[in-house]
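Let's take a walk through a protein structure together. Keep the sequence and the 3D view side by side as you read.

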Amino acid sequence: MTVTTAEPVIRLRDVHRRYPGRPPVRALDGVSLSVAPGELVAIVGPSGSGKSTLLNILGTLDRADAGEVCIDGRDVGTLSDKQLSALRAHSIGFVFQQFFLSPGVSALDNVADGLLYTGVSLRERRRRAARTLDRVGLADRLRHRGNELSGGQRQRVAVARALVGRPSFLLADEPTGALDSASGAAVLKLLHELHDGGTTVVVITHDHGVAAELPRQVHILDGRIESDEYLAGAS
Amino acid sequence: MTAARSRLRPRDTVRVAFSGLRARPLRAVLSALGIAVGIAAMVAVVGISASSREQVNQQLDALGTNLLTVAPSQSFVSEAELPREAIDMVGRLDAVESVSAAGIVPGTAVYRNDEIDPNQTNAIAVSAARTDLLDTVSATVASGRWLDDVLSAFPVVVLGADTAELLGISRTDGDVQVWLGGEWFTVAGVLDPVPLAPELDTSALIGWPVAESLLGFDGAPTTVYQRVAEGSVDEVRALLPATVDPAAPEEVAVSRPSDALAAQAATDETLTTLLLALGGVALLVGGIGVANTMVIAVLERRSEVGLRRALGATRAHIRRQFLGESVLLAALGGGGGALLGGAATAAFASSREWPFALPVWVLAGAAGATIVVGALAGAYPAARAARMPPTAALSSV
C-alpha cells in the first residue's frame, strides 16, 4: 500500500489550546501539522512542551480552543461528543505508556475489547483479536492473562488492541516509557513492521533516542512546532 | 466509514457490567449482602404469614366452617347456664346435622391429688360432656380413650390438652387418678388441642350421668355445639337464640368458631406490615451500601473510564455500564435474599408443621424492588462517571 498525495489522516491548522489559570497556560500555540496515510511520525518534546495536549487533540479526547482539527477527513470541531466517540471507535487506535490492560482477562479478550464499541459480536471480536495477536507475534499467548505477561508482551497486546479495529492511524503515547530497553526496542521494531505494512503511526515521546529511529520527527517546545524533519531515505 | 457509529450491544453492556463486579468479588458480595438481608426479611415475613394463613385455611377446610356454638351471653350473673331443654330444641331444627353439649359443673375443681391447696385450681373447668361431643367439634384423642355410654356413668375423666399439661399427666393407662370435686377420678384419655372449641383445652371432661349422680350437676348445658348444613349456617344462626331460650333470647350468644380462627389469621397482618416496613428499611440501607460502593468504584476506575472513552465509548455507554453494574449488584443481593427468605420460610413452616406458601407476587415484588434500588443507587455514580472528561480520566494515573 503506497500512498503519495492522498487526503491526510491528520491535519491541524493553527491549533490553539490554553488552560485557565493565572497566568493561563498556553499548551498549544498555533500548531499546524499534517500526517499522510502510511507515515511513521515521532512527536518529540520535553515535559511541559504541550505534547500531551497535542496527543489529546489528535486523539479527539480534547477539543482545540481555536484552529482547525481534521481527523480522518472529518472536522472535529463540528462533531458532537457522540460522533467523536464513534470516530475514536473506528478511526483511532490508542497505545498508552501504562498499557491499561485488564489484569484478570486473557490477552485475547483484552484485544477483543478494542472492538467493544463497534457493535461487532463477541465471536467476531475474538476471531479478529486472535488474528491481530498473531500479527504482533503473540499467537501463543492468547489465553494468558494480562498479569501473566511480561512488560513487552503487555505492550504488544495493547498495540494489538489498538490495531484490531483497523483504525486510520495508531496514536502511541510513550509506548516504550514503561519498558526496559530490550522490550522497548522490540515494541519499536513492531511499530516499524506495522509501518512497513502500511499502517499510519504517530508516536509521542520525550525520548530523542526513540524519535531518532523514526523516519519523521516533529519537535515541539512551548506549544509550538520547532522543527519538522524527514530522515533521509524515509518513505 | 463516515456513517459509522459507536455502538455497544445490550449483551455486551451486561458483560462489561459483570466483569466490573468480577474484578472485585469480595466487595461485590459484601455490598450485595445488604440488599440480600432486606429482601430476605421481606420475603420471609410475607412467606411466613402466607404459610400461616394457608395453614389456617387448610385447618378450616378440615374442621369445617359449619360449627355453631351457643352459650349464655356475657352477663353479670356468674355461672350462667342455658335451659336444660336447649339440646333437644336445637336438635329439632331441620338444618342441624348434629348437636352436642358441655355443661360446667359449678364450684368444682380438679387437682393432681388431695394434698393440693384447694385455691390452686389452675382455672381448669370441670365440665360434663355428652358422648357425641368429640365428633361434633372435630376433636381427636391424643392418648387413651374418649367417654362412652358405659364410662360416662363412672368416675372417669378425659383431660383437655392444656389441662393434662397443667396437671402433669401423660399416662392414660387407667392407673392415674385425679382429685376432682372431692372424689378420685381415673384419667381415661387426653385430647389433642381443639381449634374450634379452645375452651375444651382447659377443661376436665366427665360423663353427664356421673356429674349428676356424684357432683350434683343440674344437667343444664353451658355450651351447645351444633353442626349445621353448609348452606343454612346464617339462617340457623338467626333462629338459635329463640330456639334455645324462647323466654329470653337476648341472653343467648351464638358464635361461629371458624370465624374467630380466620380473624386471628387476619390480625397477624398488622405485625406483618410492620415487619415488612422493617425489611424495607434494611433494603434502603442495603441500597445506600450499593451506592457507596459504586461511588468508590467510579473514583477508583477513572483510568478505565478514560480507556473506554479512548476505545470509542460514548458517555451513554459509560453511564449504562455503571448503572448496569449497580443493578446487577442489587439483583445479586435480591436473588440471594429471595433464596434466603424462601429457605427461612420453609424452615419456619416445617418447624411449625405448616404448609409452605410463598406467593409469586412477593418474588416479583422483590425482583422489582432490587432493580429499582439498584438503579437509584447507581444513578448518581453512573452520571458522574459519564461526565468525566476522557483526558482527566487518563491523566489521573
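Chain A has seven helices and 10 strands; helices (H or I, at least four residues) and strands (E, at least two) are DSSP runs, numbered from the N terminus. What you see is a predicted model, where local features need pLDDT of at least 70 and side-chain atom pairs count only at pLDDT 80 or more, while totals for chains, interfaces and linings use all residues. Residues are numbered from 1 along each chain as its sequence is written, chains are lettered from A and ligands numbered from 1 in the order in which they are written, and side-chain values use heavy atoms, leaving out hydrogens and water.

Let's begin with overall dimensions. The C-alpha trace of chain A spans about 50 × 40 × 40 Å along its principal axes. A compact globule of 235 residues would have a radius of gyration near 18 Å, and the 17 Å of chain A agrees with that. This radius is taken over C-alpha atoms, and the globule rule is 2.2 Å times the number of residues to the power 0.38.

Now look inside. Of the 235 residues of chain A, 53% count as buried (under 20% relative accessible area, with exposed meaning over 50% and partly exposed in between; 1.4 Å probe, protein chains only). Among contacts (heavy atoms within 4.5 Å) in chain A between residues at least 6 apart in sequence, 68% join residues at least 24 apart.

Next, see where the two chains meet. In chain A, 27 residues are in contact with 27 residues of chain B. Together the two chains bury about 2400 Å², with 60% of it on carbon and sulfur atoms; buried area is the accessible area (1.4 Å probe) that two parts lose on being put together, summed over both. On the chain A side, L61(A), F100(A) and Y117(A) lose the most area to chain B, together 29% of what that side buries.

Although D222(A) is not a glycine, its phi is positive, about 50°, and D222(A) is exposed, with a relative accessible area of 56%. A123(B) has a positive phi near 60° and is exposed, with a relative accessible area of 64%.
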